[in-house]
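Try each task yourself before you read its solution.

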Amino acid sequence: MQRRPFLMVLTRCPTLILAVALLAGCNMTELYSQLDEQEGNEMLALLLQHNISSEKRPVKDNRVSLYVNSGKIPAAMELLRQNGYPRDKFSTIKDLFSADKLIATPYEDRTRYIYGLSQELADTLSRVDGVMTARVHLVVPAEDAREPEVASAAVFIKHNPNYEMDEHVSQIKSIVASGIESLAYDAVNVALFPAGQGDFVQIGEEPLRSVLSIDLAAGSVIDFYLLLAFMAVPFALSVAFNVYLFLARRARGPAS
């Protein structure tokens, strides 16, 4: 019963609504830029699930920027860091061989090629659900080596502790072995490291608090009060101005 008059005031005060919208927009600060669409969506979802005001804005080259409430920047950065965001950027073989040098030594070409393979494999493994950080270290013997050497690979995985990564070790080894010529399955060693509690924040619901019969997340109570205070100022000025006009007309008496 008490909400109807308040809604009527809002619908009749477009200036107040515009002011609230401008306040929400001006209070946003760019936190990360040049994110791909998928990563931007994942980071945005994580922040919103923890009641951190944020939004995603498109930029050129199919990239997006992530904006958060200015007062929540430290909390947003810590939350994203603890969950492995933003993801590591990996070089591709195309990037490595697009160098400005027109002529490269065979050793340089081989080194870049091995590094590019490790980057490609690490990028693939980082896309597995639960993987926060992936690294692949390759040992690939040279074709003209005097003594026979055996190719090998060491895989480092830091993962979300809520995922059973042990079940995927065989698949990880198969991905790496299949991606490197002459690399045997048994020559791939996988080391799994679950993130500690200090490095990981589990997504969950925050406790709610009742404010004016409205259920709010505990972290949003202060923002709610600030919004109410901002809305109350122009409303109070409007009421005072109307009271002044009423009293002024009454003092002048009825129009002749």
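Predicted model: local features only at pLDDT ≥ 70, side-chain atom pairs only at ≥ 80, totals over all residues.

**Exercise 1.** Is Ser118 buried or exposed? Find also what its side chain meets.

*Solution.* 
- Start with the location: Ser118 belongs to helix α6, which covers residues 106-126.
- Next, take the relative accessible area of Ser118, which is 8%. Buried means under 20%, so Ser118 is buried.
- Now look at the side chain of Ser118: one of its polar atoms lies 2.6 Å from the backbone oxygen of Tyr115.
- Finally, set aside the neighbours within four places in sequence; Ser118 is then in contact with Val136 and Leu138.

**Exercise 2.** How many salt bridges are there? Work out which parts Lys56 and Glu37 tie together.

*Solution.* 
- With a cut-off of 4 Å between the side-chain nitrogen and the carboxyl oxygen, the count is three.
- Lys56 pairs with Glu37, and their closest N and O atoms are 2.7 Å apart.
- Lys56 sits in strand β2 (residues 54-59) and Glu37 in helix α3 (residues 37-49), so this pair links parts that are 19 residues apart in sequence.
- Both ends are partly exposed: Lys56 has a relative accessible area of 27%, and Glu37 one of 39%.

**Exercise 3.** Describe the salt bridge between Asp123 and Arg127, and how exposed each partner is.

*Solution.* 
- The N to O distance between the two side chains is 3.3 Å.
- Asp123, at 22% relative accessibility, counts as partly exposed.
- Arg127 reaches 60%. Exposed means over 50%, so Arg127 counts as exposed.

Notes
Residues numbered from 1 in each chain as written. Heavy atoms only, no water. Helix = DSSP H or I, 4+ residues; strand = E, 2+ residues; numbered from the N terminus. Buried < 20%, exposed > 50% of the residue type's maximum accessible area, 1.4 Å probe, protein only. Polar contact = N/O pair within 3.5 Å; in protein donor to acceptor, adjacent residues only side chain to side chain. Contact = heavy atoms within 4.5 Å.
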